[in-house]
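Please keep the sequence and the coordinates at hand while reading.

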Amino acid sequence: MRITVRINGEEHQADCWEGESLLFALREKLGFPGSKNACEQGECGSCSVLLDGSLVCACLVLAAQADGHDVTTVEGLVENGELHPVQQAFVDAGAVQCGFCTPGLVVATADLLRRSPHPSDDEIREALSGNLCRCTGYAKIFDAVRAAARA
Amino acid sequence: MTQAVRTLQIGRVGELVPRLDAPPKVKGEFAYASDLVVPGMLWGHTVRSPHPHARILSIDIAEAVSMPGVHAVLTHDDIPGQKTYGLEFADQPVLAIDRVLYHGEPVALVAAEHPEQARRAAERIHVSYEELEPVADMERALESRDLHPDKPTRGHGYLDDDRPNVVRHMVIRHGDPDVQGDVSVSGYYEVGIQDQAFLGPESGLAVPDGEGGVDIYVATQWLHVDRSQVAPCLNLPLEQVRIHLGGVGGAFGGREDLSMQVHGALLALHTNRPVKIVYNREESFTGHVHRHPARMWCEHHATRDGKLVNVRFKILLDGGAYASSSTAVTSNAASFSLGPYESPNALIDSTSVYTNNPPCGAMRGFGAVQTCFAGEAQMDKLAAELGIDPIELRLLNALKPGDVLPTGQAITGSMPVAECIRAAAALEPPAAEPLPRDVIRLPGGAGNTTNGDGVRRGVGFAVGFKNIAYSEGFDDYCAARVRLSPDGWAEVHCAAAEVGQGVTGVILQVARTELGLDDVRLAPGQTATVESAGSASASRMTWMAAGAVRDACRAALDEQAQRPGEEVDVERIYRHPRTTPLDPETGQITGERSHVAFATCAMKVVAEVDVDLGLTRVVWIGAAQDVGKAVNPQQVEGQIEGGTAQGLGLALMEEIQTRDGLITNASFTDYLIPTALDMPPVESVLIEDPEPDAPYGVKGVGEPPTVVSTAAVVAALRAATGRDLRRVPVRPDDICL
């Protein structure tokens, strides 16, 4: 089937098999490999995207379900070539090691700060608890979120 | 050539430098191996054994071959070269031949247009198995049928041991192992199987070059050793196999052994199309080696005033179905079993065995994690028995330069154990938070299971150490090549694998420091343009790459001085001080040293336990680590925080569950790793005591925090509950009072 999805503000089309996830379609059919494929069962958050403004795991959404909807991926956070404040904070704080979890965490953090511009430490930890990171132990990720909230 | 004086814009060694790979990673632009795409690409899929031990009676591929979109179905018959491979011993079939020895062992391969077509075709490959009784227990393995009667590890200078299924048995005899102390404590300890659980699954792309050779873009830890394993299986000369580093989503030892390299290349050469293989999470759990589960029996003897006089340590490690790096893990577990303490006498007996359990090999800490958990529990027991403060006891026995290890090796380099202990002990944890409080800050957290009534607080302390770089006579080297232009730029080639640890930053910092230039680029890592860098393992890559890049830069400057105005291009190989093997009978050194250098981490942990419910919350961790010289302090802290998290995971939640050799929890739903809610703040102190033999005095920093944090977290749980806690991960039942 052919789907039409508005990704990061632009309309894209792809021919998908009915069983394909939005994550697969984004990565393999639509040219947005920024969302990552670490567990593909909604446990790790590496594929976090915004679907009509709501934070979802793209691996748990069928590509067909996104037909006619708006999707924002990590690639869409860059504006006019400038890093989003959350992205810049991750760079500055040393919150990136292997970086495989980073796109999902950046999207989840941007979503958190939109909902709650000045989150408490507990709010940060709870909001990001669906995003697994194996490298950093999260400390510098929390630093980055706090810095982005100040920015 | 510009004459302008150039100021450095990006840091030298010792400065806080943002990672160059961070901007592309935060934008989603960094190309991981699983992101690679080329026109005409097929998808590969691996058919794996559902049994831990079985004879293969037949493999019928006829139906699979005729499925839509399928371009190839391969079995061991299609391997043109050597049919087995291995990191150290070629005991593992590329594709199973007539038997399978573990759940998940590769049996056949499929390449198809769409990954789902490949998966469906894989289901139509009919493998007929005759199931055999699995050897599932590491102790019983020593009396069971030999899984490898050909003894692949025999004849490599190890102690001969004729018992079935021995991978390696080693004994270290130090002084008089029969000496009794005024006081002694004994204990038995167990460690479960831990998984590296890197987030980026195994993946790679194999591209045929049209002339019989192949380019493999893969997430790996050591490009050149991959090549030396892949080429014989393909029956190709080394030059026709070019390995390129694909973006790596974490490694932690799990990418030392091959994953898709030979499989992808076989499919690519067979179909003459590029083939990409990406494991899913379940396949990743079965597709790489794990941390060895261990059983340990210990006896510590000390004088009345707390000096260790004898330690007896028996270690049994389950290596699983194939050798991987078990021989080195066996030795490392033994080498560091005493912890960073001196004892004039010791008897250490360490054995790894083959079983039909998941194969085990390298994981961050490499044998030292297991024995640190047991040894530090013993030190606390000894302190209690003696009525001495546990930190005082550790200080009293702390190794220092000039002391002698149980192998007879004298410590000649940096060994600031006491400094680490004092610095960690001096860190002040936050005061206990009164009740009531938000449930998120109680054991069980958002599960909202407790009001805090049964919560007890405990403070634990532990110290761990391990070797830096390869040991026991391994020819450990790293190459770097520098092109230096008269126009004021340089290009560095080094095949050191950037696995997330930040070695590319180290390389650039060293090159900028040596050349005095800011315009330094790092060429992509590959086998074709530079010699081997060795593995991004054993906390060695910073030291080794810094040495090689420093030497190549200095040689380039020398050569440029001889030929001003010309571009120079030099390659240099760096070796650390030579090590020699241990005597197979006594476990004593046969030269000056079996290990090159050591790094220590001391850790204090505050934990709360709800003793009604068996739930835990680690509140705070303080660490003091011996880092030699921090090349980039921010990255060093990141290694300490991340390494600590992995040890915390082993202490509290991480274990691959098996039932008669079958893995039952191969997913992130069932195999839990620490989340943002599980990790406490980690306060770290960097102890800079330069390593005399290392470039800039550096040491590796990745492993020591993982070695110690499991022991330190469990010590805090013991303090909170009064329980022995002899096994990790600690289960709720263990801490319910």
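Which residue in β5(A) is the bridge partner of A:Arg6? In this predicted model, the partner is A:Asp70. The pairing belongs to a parallel arrangement of β1(A) with strand β5 of chain A, residues 70-72, which extends over two bridges.

Helix α2 of chain A, residues 85-93, has A:Val86, A:Gln87, A:Ala89, A:Phe90, A:Val91 and A:Ala93 as buried residues. Their cover includes α3 (102-115) and α5 (139-150) of chain A, together with α1 of chain B. Just after α2(A), A:Gly94 adopts a positive phi of about 75 degrees.

The contact between the chains comes next. On the side of chain B, 49 residues are in contact with 44 residues of chain A. The elements of chain B that give two or more residues to this side are α1 (22-27) and α13 (633-652). Of these, α13(B) gives the most, with seven residues. By class, the residues on this side of chain B comprise 22 nonpolar, 16 polar and 11 charged.

Helix α13(B) also packs within its own chain. Its axis and that of helix α14(B), residues 704-721, come within 7 Å and cross at roughly 45 degrees. That angle makes α13(B) oblique to α14(B), and the crossing is right-handed. The residues that meet include B:Ile640, B:Gly643 and B:Leu650 from α13(B), and B:Pro705, B:Val708 and B:Val713 from α14(B). This contact has nine nonpolar and seven polar residues, and no charged ones.

A contrasting geometry is found for helices α8 (residues 368-386) and α9 (residues 390-397) of chain B, which pack at an angle of about 110 degrees with their axes 9 Å apart. The helices α8(B) and α9(B) are therefore roughly perpendicular to each other. In this contact, B:Met379, B:Asp380, B:Leu382, B:Ala383 and B:Leu386 of α8(B) meet B:Pro390, B:Leu393 and B:Arg394 of α9(B). Six of the residues are nonpolar, none is polar and two are charged.

Chain B also contains an open sheet of seven strands with mixed pairing, in the order β3-β7-β1-β14-β11-β12-β13. Its edge strands are β3 (70-74) and β13 (241-245), each of which pairs on one side only. From one strand to the next, the twist averages 20 degrees. Strand β3(B) pairs with β7(B), residues 106-112, in the antiparallel sense over four bridges; B:Val73 has B:Val110 in β7(B) as its bridge partner. Helix α3(B), residues 115-123, lies across β1, β3 and β7 of chain B and runs at about 30 degrees to β1(B). Helix α5(B), residues 261-271, lies across β1, β3, β7, β11, β12 and β14 of chain B, running at about 30 degrees to β11(B).

Some backbone features remain. Most residues other than glycine have a negative phi, and most peptide bonds are trans. A:Asn80 has a positive phi near 50 degrees and lies in the loop between β5 and α2 of chain A. This residue is exposed, with 4 other C-beta atoms within 10 Å. B:Ala197 likewise has a positive phi, near 50 degrees, in the loop between β10 (183-191) and β11 of chain B; B:Ala197, however, is buried, with 27 other C-beta atoms within 10 Å. The peptide bond from B:Leu435 to B:Pro436 is cis, with omega near -10 degrees, and B:Pro436 lies in the loop between α10 (417-426) and β18 (455-468) of chain B. Another cis bond leads from B:Val728 to B:Pro729, with omega near -5 degrees. B:Pro729 is placed in the loop between β28 (727-728) and α15 (732-735) of chain B.

Note on methods
Residues numbered from 1 in each chain as written. Chains lettered and ligands numbered in written order. Predicted model: local features only at pLDDT ≥ 70, side-chain atom pairs only at ≥ 80, totals over all residues. Contact = placed C-beta atoms within 7 Å. Nonpolar A, V, L, I, M, F, W, Y, C, P; charged D, E, K, R; others polar. Axes fitted to C-alpha atoms, helices over the stretch in contact; angles between N-to-C directions. Parallel < 35°, antiparallel > 145°, perpendicular 65-115°, else oblique. Left-handed = near helix turned anticlockwise from the far one by under 90°. Pairing = 2+ DSSP bridges. Buried ≥ 20, exposed ≤ 12 C-beta atoms within 10 Å, placed from the backbone.
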